[in-house]
Amino acid sequence: MSSTNIIHYGGCHCGQIRFKVIAPSAVIVFDCNCSICTKKQNRHFIVPSTDFTLLQGKNHLTTYTFGTNQAKHQFCKTCGVQSFYIPRSNPDGIGVMPHCIDQGTVQEVITKTFNGQQWEESMGKFPEIKKFSQHPSTSDME
């Protein structure tokens, strides 16, 4: 599996929200069972916020928070689709829904389970989740 990043484009259902994201063609998707992720069937891959660009629709976004108010769940005001959000686990990153990427660039989806019902315990067992919103250091690239 190649870790080479490519440019993906995506958006919401009605087309008001459009974005560009730099990520591999094989994405690691987190399937979380916390209360909101279960209700919305939120499966997402995480990228550094610098690898995400909102191309259009900023004024069409609405944000929902709850609990710790750390996660920023953003939805299109017109069609209600959540194409991306700021996850609690990675406030310096963006969680992107692979099903909102335009067809053709995501070649493989690798799913990992995250037990969001026991969030603190899960973060302790899976601290490497933080790396998904970080760029590799130059020493890691050698």
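Start with the second largest pocket: select Cys34, Phe66, Ala71, Arg88 and Trp119, which lie nearest its centre among the 23 lining residues. The model is a predicted one, where local features need pLDDT of at least 70, side-chain atom pairs count only at pLDDT 80 or more, and totals for chains, interfaces and linings use all residues. Residues are numbered from 1 along each chain as its sequence is written, and side-chain values use heavy atoms, with hydrogens and water left out.

A pocket here comes from a 1 Å grid over the protein atoms alone: it is an open set of points where a 1.4 Å probe fits, with protein on both sides within 12 Å along at least five of seven lines, and lining residues have an atom within 4 Å of a point. This one has a volume of about 330 Å³, counted as the space filled by probe spheres set on the points, with grid points joined across faces, edges and corners.

Now colour by secondary structure. Helices (H or I, at least four residues) and strands (E, at least two) are DSSP runs, numbered from the N terminus. S3, helix H1 (35-40) and S4 each supply at least two residues of the pocket lining, and H1 has the largest share, three residues.

Jump to Cys100 and you find that the nearest cysteine sulfur, on Cys12, is 7.9 Å away. Cys100 counts as buried because its relative accessible area is 8%.

**Next stop: the strands**

Select residues 5-11 and 18-24, which are S1 and S2: they pair in the antiparallel sense over seven bridges. Pairing takes at least two DSSP bridges between two strands. Click Ile7 and you'll see its bridge partner in S2, Ile22. The two strands form a hairpin with six residues between them, and Gly15 in the turn has a positive phi of about 90°. S2 also pairs in the antiparallel sense with S5 (residues 52-56), over four bridges. There, Lys20 stands opposite Thr53.

**Next stop: the cores**

Show Phe19, Val21, Phe45, Val47, Phe52, Phe84 and Val96: of the 16 residues in the largest nonpolar core, these touch the most other members. Such a core is a set of buried Ala, Val, Leu, Ile, Met, Phe, Trp, Tyr and Cys residues joined through side-chain atoms within 4.5 Å. S2, S3, S4 (43-48) and S9 (93-96) each supply at least two of its residues, with S2 giving the most, three.

Apart from it lies another core, of twelve residues, including Phe30 and Phe132. Phe30 is found in S3 (residues 26-32) and is buried, at a relative accessible area of 1%. Beyond neighbours within four places in sequence, its contacts (heavy atoms within 4.5 Å) include Ile46, Phe126 and Ile129.

**Last stop: Gln74**

Finish on Gln74 in S7 (residues 72-76). Gln74 counts as buried because its relative accessibility is 18%. Leaving aside neighbours within four places in sequence, Gln74 is in contact with residues including Leu61, Val81 and Tyr85.

Note on methods: Buried means under 20% relative accessible area, exposed over 50%, partly exposed in between (1.4 Å probe, protein chains only). A disulfide is a pair of cysteine sulfur atoms within 2.5 Å.
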